[in-house]
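Hi,

Here is the structure I promised to pass on. Please open it first, then read my notes below with the model beside you.

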Amino acid sequence: MTNKLFSPIILLLVLAFLIGPFLIIIAASLSAGETLAFPPQGLSLRWVLKVFEVESFRASFGISMFLAIGGTLAALILGIPASYALSRYKVPGAETIRTIVSSPIIVPGIIVGLALLRYFVVPFNFGILFALFLAHTALILPYAVRVVSASLNNLRSDIEEAAVLLGSSRIGAFFRVVMSNIRGGILAAFILGFVTSFNQVPVSLFLSGPGVRTLPIDMLAYMEITYDPSVAALSALLAFMSLGIVFLAERFLGFSRYV
């Protein structure tokens with residue numbers, strides 16, 4: 001009897017720990033006060049509306065969306081063939097390649113950002129936006145390789161071989177059989193890469209420059225000057241955006257059918 005009561009209490013505590021900060025941010029974003037505070041000083045939508053009026057937020061949001069979508073697509077274009085080769089063929093030094101590809105996850109982001117700045121951006125005089133694009137692609141690539149490789153490992157290779165024996169070309173079998181069966185993994189890699197890129201701070205902090213900043217960096221800069229609830233409102237909107245992306249993926253692409 002004690003265990004039956006104890007388990008729901010633990011579950012509620014875990015849910016409160018996970019959802020509690022999100023609920024606090026939402027409440028703070030609806031405050032009618034002039035400063036960020038909890039509990040809120042009255043209720044108002046003024047700070048939610050102000051988010052759309054701040055020019056820097058709009059500009060940095062566009063840059064973050066470009067980097068998240070473009071970097072994720074570039075990482076998938078590179079990661080899918082790499083995952084296929086590592087999963088289907090005996091590549092010399094395969095484990096070493098996997099370790100090198102996974103290094104952006106293992107190494108702290110602040111070191112990755114400093115290394116990219118010191119050894120790529122400065123010597124080759126890359127533009128700020130192009131440097132950010134390369135950095136975000138490199139950061140997302142490990143997720144693309146890991147997730148897609150897991151999907152390929154769960155797909156029997158004889159299914160592809162059967163398509164080849166029935167007259168399909170190797171490339172045709174890849175696109176018609178393999179790609180259609182790992183679309184769930186590709187979708188999961190895209191969502192994971194998009195969220196990782198959009199919320200990236202350490203690397204973007206080193207590579208941002210005048211007029212080119214991602215949204216998280218712009219939010220940090222904004223809080224150094226102003227401490228109003230608009231940052232909380234923007235944080236709540238971004239959280240709802242992430243939930244919306246997952247919901248749309250499930251609703252229109254049938255994500256749960258492939259995982």
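The second largest pocket holds about 160 Å³ of space. Bear in mind that this is a predicted model. Residues lining this pocket include Phe-194, Phe-198, Asn-199, Pro-216, Met-219, Ser-235 and Ser-242. Helix 9 (183–198), helix 11 (215–225) and helix 12 each give two or more residues to this lining. Helix 12 has the largest share, with 6 residues. By class, the lining of the second largest pocket has 9 nonpolar residues, 3 polar ones and no charged ones.

Now the largest pocket. Its volume is about 200 Å³. Which residues line the largest pocket? They are Val-51, Phe-52, Phe-57, Arg-58, Phe-61, Leu-215, Leu-234, Leu-237, Leu-238 and Met-241. Helix 3 and helix 12 (230–253) each supply at least two residues here. Helix 12 gives the largest share of this lining too, 4 residues. The lining of the largest pocket counts 9 nonpolar residues, 1 charged residue and no polar ones. Look for Leu-238 and Met-241 in the largest pocket. Then find Leu-238 and Met-241 in the lining of the second largest pocket.

Next, the salt bridges. How many salt bridges does the structure hold? There are 2.

Start with Glu-55 and Arg-58. Their side chains meet in a salt bridge, at 2.4 Å from N to O. Both residues sit in helix 3 (residues 55–88). They are 3 residues apart, so about one helical turn separates them. Arg-58 is partly exposed, with a relative accessible area of 43%. Arg-58 also lines the largest pocket.

The other pair is Arg-213 and Asp-218. Here the salt bridge spans 2.9 Å, N to O. Is Asp-218 buried or exposed? Asp-218 is buried, at 4% relative accessibility. It counts as buried because its value is under 20%. Arg-213 is partly exposed, at 33%.

Last, the record. An unreviewed UniProt entry lists residues 61–87, 99–120, 126–145, 186–209 and 229–249 under "transmembrane region". Two of these spans are worth a look in the model. Residues 61–87 are 100% helix and 0% strand. The end C-alpha atoms of residues 61–87 lie 37 Å apart. Residues 229–249 are 95% helix and 0% strand. For residues 229–249, the end C-alpha atoms are 31 Å apart.

Best wishes

Methods. Residues numbered from 1 in each chain as written. Predicted model: local features only at pLDDT ≥ 70, side-chain atom pairs only at ≥ 80, totals over all residues. Heavy atoms only, no water. Salt bridge = Lys/Arg side-chain N within 4 Å of Asp/Glu carboxyl O. Buried < 20%, exposed > 50% of the residue type's maximum accessible area, 1.4 Å probe, protein only. UniProt positions renumbered as here; feature names shortened; annotations may be inferred. 1 Å grid on protein atoms, 1.4 Å probe; cavity = no way out; pocket = protein on both sides within 12 Å on 5 of 7 lines; lining within 4 Å. Points joined across faces, edges and corners; volume = space filled by probe spheres on them. Nonpolar A, V, L, I, M, F, W, Y, C, P; charged D, E, K, R; others polar.
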